[in-house]
Amino acid sequence: MTAEAFRRLSYAEAEPRAERVLVDGYGEGLILLGTGGYYGLYYLFGALGLREPIPSHPPDWVEGPRASPEEFKAPFQVVAWLEQNGYNLFVNESK
């Protein structure tokens with residue numbers, strides 16, 4: 001799978017495939033193997049005031065490919081990076 005395909009992958013579809021899961025109060029980062037390496041799918045439900053992901057929602061942010069699953073940041077760090085780079089709303093344009 002490529003980044004474009006991962007952008008449409010719902011949480012319910014991605015979670016069972018995750019090789020690594022990054023969890024904190026801002027959401028979950030699911031790390032999956034795809035074309036060319038690993039991809040981080042970030043479901044930032046905590047940043048939206050929710051306590052858990054909505055199973056049918058696609059990720060709010062996708063990163064990758066990267067060579068190793070350890071190269072991905074925690075959801076809090078991704079939220080901070082997004083804010084520092086002018087992303088005020090965590091809206092996946094493919095939703």
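Student: Which strands are included in what covers the buried residues of α3?

Tutor: This is a predicted model, in which local features need pLDDT of at least 70 and side-chain atom pairs count only at pLDDT 80 or more, while totals for chains, interfaces and linings use all residues. Residues are numbered from 1 along each chain as its sequence is written, and side-chain values use heavy atoms, with hydrogens and water left out. Helices (H or I, at least four residues) and strands (E, at least two) are DSSP runs numbered from the N terminus, and contact means heavy atoms within 4.5 Å. On that basis, the cover over the buried residues of α3 includes β1 (20–24), β2 (27–34), β3 and β4.

Student: Which residues of α3 are buried, and what arc do they cover around the axis?

Tutor: Buried means under 20% relative accessible area, exposed means over 50%, and partly exposed lies in between (1.4 Å probe, protein chains only). In α3, residues 75–84, the buried ones are P75, V78, V79 and L82. They are on the same side of α3 because the arc, taken from the directions from the helix axis to the C-beta atoms, is only 100 degrees.

Student: Is D60 buried or exposed?

Tutor: D60 is placed in the loop between β3 and β4, and a polar atom of its side chain lies 2.8 Å from the backbone nitrogen of L44. Because its relative accessibility is 11%, D60 counts as buried.

Student: How is L50 classed by its accessibility?

Tutor: L50 lies in the loop between β3 (37–43) and β4 (61–66). Its relative accessibility is 38%, and therefore L50 counts as partly exposed.

Student: With which side chain does the side chain of E4 make a polar contact?

Tutor: E4 belongs to helix α1, residues 3–7, and counts as partly exposed because its relative accessibility is 42%. A polar contact is a pair of N or O atoms within 3.5 Å; within protein, one must be able to donate a hydrogen and the other to accept it, and residues adjacent in sequence count only if both atoms are side-chain atoms. At 3.2 Å, the partner of the E4 side chain is the side chain of R8.

Student: What is omega for the cis peptide bond that joins G64 and P65?

Tutor: Most peptide bonds are trans. P65 lies in strand β4, and the cis bond joining G64 to P65 has an omega of about 5 degrees.
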